[in-house]
Amino acid sequence: MYAYDELDRTLINERVSEFRDQVKRRLSGELTEDEFKMLRLQNGVYLQLHAYMFRVAIPYGTLSSKQLRRLAYIARRYDRGYGHFTTRQNIQFNWIKLAELPDALAELAEVGIHAMQTSGNNMRNVTSDQWAGVAPGEVEDPRIWSEILRQHTTLHPEFSFLPRKFKIAITASEHDRAAIKIHDIGLRLHKNADGETGFEVLVGGGLGRTPFIAKTIKPFVAGRDILSYVEAILRVYNQYGRRDNIYKARIKILVHELGIEKFAREVDEEWRQMGHSALTLDHSVIEEVRSRFSYPAYEKLPHMPDELKQAAHDPLFERWRKNSVAPHKVQGYSIVTLSLKPVGGPPGDATADQMDAIADLADKYSFGEIRVGHEQNLALPHVAKRDLPQLWKALDRLGLATPNVNLVTDIIACPGLDYCSLANARSIPIAQELTRRFANHDTADMIGRLHINISGCINACGHHHVGHIGILGVEKNGEEFYQITIGGRADENAQMGALIGPAVPYAEVADVIEDIVEAYLALRDRPEELFVDTVKRLGVEPFKERVYATR
Amino acid sequence: MTSPLEQKKIRITGPSVVTANRTWDGAVVYRTAQQGWSTALSDAAIVSTSDDARALLAESAADDVGAVGAYIAPVELNGGLVKPGNLREHIRSKGLTIDLLPA
């Protein structure tokens, strides 16, 4: 966990007071909506179909049990008793009243939570691997660098009015769980040939209307220089980024139009002029931030405790363990993913009661810590293996032990037309129907790793471009239609999916996905070949043939 | 607020209402013939010509304190009943189409 200091607490509280005054002036008519809109967006407040939506930041996906209990309280007191975890380590409340928002923000501030960097044309919540600090083989905890970037960019005037929003993600593992290649800047911590820790810097990734995979702009930037190098990128973007056309304003367009080589030269020249001085990180600064992260006092535990050996006789427990429990860097401990994708449920939603119960389980089994992943699931990062059987029983009672992590029903979906004012089509009911179609866990296991991503519009909050199967809602003559792509992925081998053919109507989407999965099962050359690898080997044609032959 | 230039471009092809979100809580509201706002679609002022639609929108948008983001939305009239004219407006009027709890 990261402990905020007095400066952080003061900043958050001052921000609440400022927003309270702004809301008061808006409600009295002193501020028009045009004047107020940017102010509310800078505090995470959107206006959606039915109500205001309030987006709260969960920096690098780390929450304490105390913070999660407060989120549960906010859901219960100010909303309708649930929240929605997003694809960028935020939580959204869908029914909040503008008049009550300052009070909600003040109550969140008491536990060090805020809504800064969740909206507007500024630096957004810097995300990271949800297993940061506990994943085996990690170079080091990437959250330290996320926090340094968060501190530097929060309310930074140069980054508060960028041409468009700006997203950074950091990973420190070989396997990318933070989707860094679809971010404006992706940072991969690694060691160079001399054993020095630094970053591969990628730039210009993003989804939406014009999707691009990020390109490497520099293979290695030393840790002490990362702040100045990121700032050099942002300065070039700030200077040359398109402000005349919202659809061309993201840095990915600038990188694409200039070309990565020319863009890199511009950044290097800016970096050279900056002189590496003021923003060069002293070792003491890095260590100060590092020291504010606390880690559990792990016990010395056996690799295979008796409790686990006994529980292994229960096939239901074993199914869950194999699916939802991952190795930990400390012997005797595990990382446990809590699926927020129950069959028939809205992906990523958690009720206030579930949040409270998870906080209690975190206190009992995970040193009071919870993680939030971009796949819209939660994790308990420090669970002793001996406690896994008891934890599983508790999670099962709460509906949080669906053994479907990374399987066909672990669907990522945006809120879609049920909530979102930008959406053209619904996402959640498509996801719900698909989870019912593939509800049989034996079938899902047999299919293997398969990520379905659904977006209700081209803005791609459901990351459909990089789903193994991507589903994009579009509107045709007032009706909901869906384009299907296959072969996308968001990991270290990230790539965009390919369209398989004409869009299909709402009522046919689940049938089409079933056809695609059946085609895969018939086409894969062995049970271990993943869906995405079969598509890579054979291309889209055999799938297209299967889907459209009878339509 | 819809700009005057955009308002001039507005053309409607059937019965329409003006809808927005109430400022203090964001609730879906409809402009009434009494120059107020109501959460009931049945209370909405119905317009059938583009000129009337533009006038109703201009009047609604001027009430920036009462409601936010006013726009014209199609409706269907059926035996004296007013129904939303498309899926988006159906969802705004009737609420979510989904089950919130697993089923």
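Two residues are taken to be in contact if their C-beta atoms, placed from the backbone, lie within 7 Å. The model is a predicted one, in which local features need pLDDT of at least 70 and side-chain atom pairs count only at pLDDT 80 or more, while totals for chains, interfaces and linings use all residues. Residues are numbered from 1 along each chain as its sequence is written, and chains are lettered from A and ligands numbered from 1 in the order in which they are written.

The largest nonpolar core has 189 residues, a core being a set of buried Ala, Val, Leu, Ile, Met, Phe, Trp, Tyr and Cys residues joined through C-beta atoms within 7 Å. A residue is buried if 20 or more other C-beta atoms lie within 10 Å of its own, exposed if 12 or fewer, and partly exposed in between. Helix 6 (residues 226-240) of chain A gives the most to this core, with nine residues. A:Phe54 is among the residues with the most contacts inside the core.

Finally, strand 19 (479-486) and helix 16 (509-523) of chain A are included in what covers the buried residues of helix 17 of chain A. Just after that helix, A:Gly539 takes a positive phi of about 80°.

Key:
Helices (H or I, at least four residues) and strands (E, at least two) are DSSP runs, numbered from the N terminus.
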